[in-house]
Structure formats: C-alpha cells, structure tokens
Amino acid sequence: MITNITQLQSAKRTKVERESLHAWHPYYAGYSENFVRSAINYLRLSKYDLVLDPWSGSGITNYICESYIISSIGLDINPIISYFGQAKSGLVLYLLNRNRVKLQEQILTISNNLKQDFSYDISLDNFVSSSLANNLIVIAKAIVLCNFPKTTINNSIIKILENTSIEHPLKAFFLCALFQTARKLSGYKSGSNPTWFKKIEHKQSFSLEEVQNVFIATSEQMYNTLQSSKILSKEYLLHINYTADAKQMSFKDNSFDAIITSPPYLTRIDYAMTTQLEILLLKDSGYLRELRVKTMGAPVIRNSQPSIKKSWGKICNDILNQIENHYSKGSKTYYWKNIVQYFDDAWQILNEIYRVLKKGKSALIVVQSSYYKDIEIPLDCIYIEMENNIGFFETKIPFTEIIKSHMAHVNILSSSYKQNKIYYESCIELIK
Ligand SMILES: C[S@@+](CC[C@H](N)C(=O)[O-])C[C@H]1O[C@@H](n2cnc3c(N)ncnc32)[C@H](O)[C@@H]1O
C-alpha cells in the first residue's frame, strides 16, 4: 500500500540503482534516482540553487542534481564512498575525453618506477595475496603522485568551500578503478549481509603487469559507462563529494537552498566494514577502527557515552527507557548504549542541517522505521520531534510507504521477538 500524499516518488531502489555507474560499488543503503528527481521538482529547484547531502553515500543526490545542472555538495564520513560519489561527474568525463590515455600511461610509468615492496596492513592478508596487495598499493601510490590537469569548479561551490581542500576528481576516478580491480582479482564475493567479507582461501598471486592490465581495462569500462550515463561532459565541476563528519560541517550559516538526504537507519549496518578492503589499501586497520567508531549507527560502543537529552523528544526518551529496561540479554549493557549514541549523532547533525540551511528553505530526509526486539522505533516521528525542538518553522511527512525488503531481514533473530513486523519508509520535510 502506498500513501502518496504529494508528488514525491518512492525512495525504494529499483534495478536502475544497481546498474550502470551505480554498479561500480555495491552500495546497499541508497535511495532511488526517481526520488531525487521528484525531490528536485517538489522543491522547485533551479540552476541557481545549491543543494547539500550531508550523508551522501553513493552520491546519487549529487549525480541527479548534476543532470539538472544544479550545483551540490555531498559529505560522507567514509573516504571510499566519497570517492565513488566524486567519480560520477561531468568534469571527470570531460577530462577523460581529453587526457585519458596520457594519464593512464603516466600512472603506469610512475608505478613501474615505484615497483618495490611496501609495508602494508596485515589484515589485507585476509583478502589478497602479498603480491596482489603490494601491486595494488604501488598503483595507489602512483595515482596519488599523478599530475592531473587543472580543474574549474562552479562558482557557487567555490564560495562555500573556501577553506576546504578538495581532492582531484580524477584521483577519485582512478582510485575507484583500482578498488574495483582489487575486488575482481581478490575473488571477493558478497554475501547476504554486505558487511561480511568471506575470507578468501585460495589467494592468487599477480605480477604488477597483470594488475596494471586489469586496472587499465577497468578504467576503460568505467569511462564507457560514464559516456553512456546521464552525465554530460562539462568543463567545470558541478558537484563535490568529500570526506567529512556531518556533525561539524565547515559551512557558514544559511549556505544552502535545499538539503536532500538520508541518514543511516537504526539497522546497525556497519558502513565502514563494507569498504574494509579499500580502506586497508589506502590506510590501515587503525583508521578502519576509528572510522567505525565515528560512523553514525555503527555497531560499536564509544569510549565516552553521551547523555540523553530531553530535547530529543518524548517518543525517543520513552523508547530509550523501554530498551534500557528490556528483559533481553545485552539490552542495558550494549544495545541501549549503542542506540543512545545513534540519537546523539542524529541530534548533532540535525542541528547542523538547521544551521546551514537558508531561512524559508526545506530539507527532505528519508528515514525508515525499525524495531528493537518487539519495540517499534518510528524514526520519522522521532526526527520530527527533534526538529521541532531544534526550531524548524514547519515539519511534515509528505510521503510514507510500507516496505517489504528491509536490512533487518538479514538478521534472522530479529523476527523471533515479534512476528509480522511492519516497516515504513518516510520522507520528512523540514522548513526553516
Ligand atoms: C543511508 S546512507 C546514505 C545513502 C544515500 N542517500 C544514497 O542514496 O546513496 C548513510 C551514509 O551516511 C554516512 N555517514 C555515517 N555517519 C556519518 C557522519 N557522521 N557524517 C557524514 N556521513 C556519515 C555513511 O557512511 C553512509 O554512507
């Protein structure tokens, strides 16, 4: 059943969001292209507007905004996910049309000169042979050293990003080609739960030349996909996706004409772990640990526990109270703490959303309900209460629908507490 009160479209992903450039990285928590298109129409956005997505994930908001020539900025705390968002831009296509072969040759030459044994994080041994790990790292270092052509960024984005250093979009593109190369050669297979990497038993060795060949072929495939996508080649950058914590945005007050976004839900998806292979190639397991701790909704407990605030609203406070006193094992010692952390992050980021949005403008936020054992958590109503307390002029729920596929279903234990759970996905609108 769909209760479609306005012309906003369902956020539910379809085949479209698993194909073309969306298939570059298996991303499980995205919303639909159609939803973003309908949001742009619903908010009557034009090319003079600047859009923010503070939990940008696969960058679909920015990708669709770009197809309407609307400038946008996407933040994600995970650098790997931000690279995939940034690689899907018209400027990348424009620069590849002119410099692709030269740049590929440059990366190959630098990597041949760099050829040596680098130290790497031992956890990489779970996924790739030592020769593959080393050769992937050699190419990653070559991409970082590559001399990419100068870029032009759209004026409205430049103004907003005054003091932020942004990485070159072609660096993002070639790193994404390398990440895909790593998955192809490692023999990686995804399971039903996106955060579980099956340990690879028979790890194959590869020479630098073999890895380079797959890397070049992959960058060519990605280039072809960009050409056949909705992205038009453009001489300037219309959207930026970069790595940042939305709890502390570096933008001035009243910077954005609209916010279109979707936070992590209370489904305990470990976003950082879905990118562990890529993180280990660029960083190390210490970075991965820290990223998990900082990521909203991750199933980890931080060193300092935030205190519950009355301003989170009555529904949130009541539910937290029920969870703390729930009879099931670990409710008070683990789950309650984890869920308090989630709401503390949500509260901080919603405050930031309020601060950076222009007066009279709207934020559209897609959320899903979930359950803790038998306790329903209506995330839309909780966010609305929080936002009323933050001071939004008006809050409403212009779209809601029942959903059948929900990430909680990958956890078979979740159904043992209550049968016939109904899950909702809603889009809430906040007007400042
Ligand atoms: C539901 S997903 C967003 C999906 C996105 N709308 C799409 O269609 O691809 C939530 C994203 O929030 C990111 N995230 C979690 N904590 C964050 C934080 N503190 N700051 C910025 N991003 C964060 C996660 O890495 C994840 O990619």
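Guide: Let us begin with a term for helix pairs: a crossing is right-handed if the near helix is turned clockwise from the far one by less than a right angle, and left-handed if anticlockwise. The model here is a predicted one. In this model, H13 passes H14 in a right-handed crossing.

Visitor: Which residues of H13 and H14 meet?

Guide: Ala-346, Trp-347, Leu-350, Asn-351 and Tyr-354 in H13 are in contact with Tyr-383, Met-386, Glu-387 and Ile-390 in H14. By class, the residues of this contact comprise 7 nonpolar, 1 polar and 1 charged.

Visitor: Why are H7 and H8 also called oblique?

Guide: Helix H7 (residues 169–186) and helix H8 (residues 208–227) pack at about 120 degrees, their axes 8 Å apart. Roughly perpendicular covers 65 to 115 degrees, and roughly antiparallel begins over 145. The angle of this pair lies between those two classes, and H7 and H8 are therefore oblique to each other. Their crossing is right-handed.

Visitor: What kinds of residue form the contact of H7 with H8?

Guide: Among the residues of H7 in this contact are Phe-174, Leu-178 and Lys-184, and H8 contributes residues including Val-211, Phe-215 and Met-222. The contact divides into 9 nonpolar, 4 polar and 1 charged.

Visitor: How do you know whether Arg-44 is buried or exposed?

Guide: Arg-44 has 8 other C-beta atoms within 10 Å. A residue with 12 or fewer counts as exposed, so Arg-44 is exposed. Arg-44 is in the loop between helix H1 (33–42) and strand E2 (50–53). Its phi is near 50 degrees, a positive value in a residue other than glycine.

Visitor: Is Arg-268 buried or exposed, and what makes it so?

Guide: Arg-268 has 20 other C-beta atoms within 10 Å. The cut-off for a buried residue is 20 or more, so Arg-268 is buried. Arg-268 also has a positive phi, near 60 degrees, and is found in the loop between strand E7 (256–261) and helix H9 (271–274).

Visitor: Why does Asn-241 count as buried?

Guide: Asn-241, in strand E6 (residues 239–243), has 30 C-beta neighbours inside 10 Å. Since 20 or more are required, Asn-241 counts as buried. Leaving aside neighbours within four places in sequence, its contacts include Ser-56, Asp-76 and Gln-86. Asn-241 and Gln-86 are 155 residues apart in sequence, yet their C-alpha atoms are 5.0 Å apart in space.

Visitor: Why is H1 described as largely enclosed by the rest of the structure?

Guide: Of the 10 residues of H1, 7 are buried, so the helix is largely enclosed. Those residues are Glu-33, Phe-35, Val-36, Ser-38, Ala-39, Ile-40 and Tyr-42. They pack against helix H2 (60–67), E7 and strand E8 (357–368).

Visitor: Which residues come nearest to the ligand?

Guide: Gly-30, Trp-55, Gly-57, Ala-246 and Met-296 come nearest, out of 23 residues around the ligand. The shell divides into 13 nonpolar, 6 polar and 4 charged residues.

Notes: Residues are numbered from 1 along each chain as its sequence is written. This is a predicted model: local features need pLDDT of at least 70, side-chain atom pairs count only at pLDDT 80 or more; totals for chains, interfaces and linings use all residues. A residue is near a molecule or strand if its C-beta atom, placed from the backbone, lies within 6 Å of it. Ala, Val, Leu, Ile, Met, Phe, Trp, Tyr, Cys and Pro count as nonpolar, Asp, Glu, Lys and Arg as charged, and the others, Gly among them, as polar. Helices (H or I, at least four residues) and strands (E, at least two) are DSSP runs, numbered from the N terminus. Two residues are in contact if their C-beta atoms, placed from the backbone, lie within 7 Å. Axes are lines fitted to C-alpha atoms, for helices over the stretch in contact, and angles run from 0 to 180 degrees between N-to-C directions. Angles under 35 degrees count as roughly parallel, over 145 as roughly antiparallel, 65 to 115 as roughly perpendicular and the rest as oblique.
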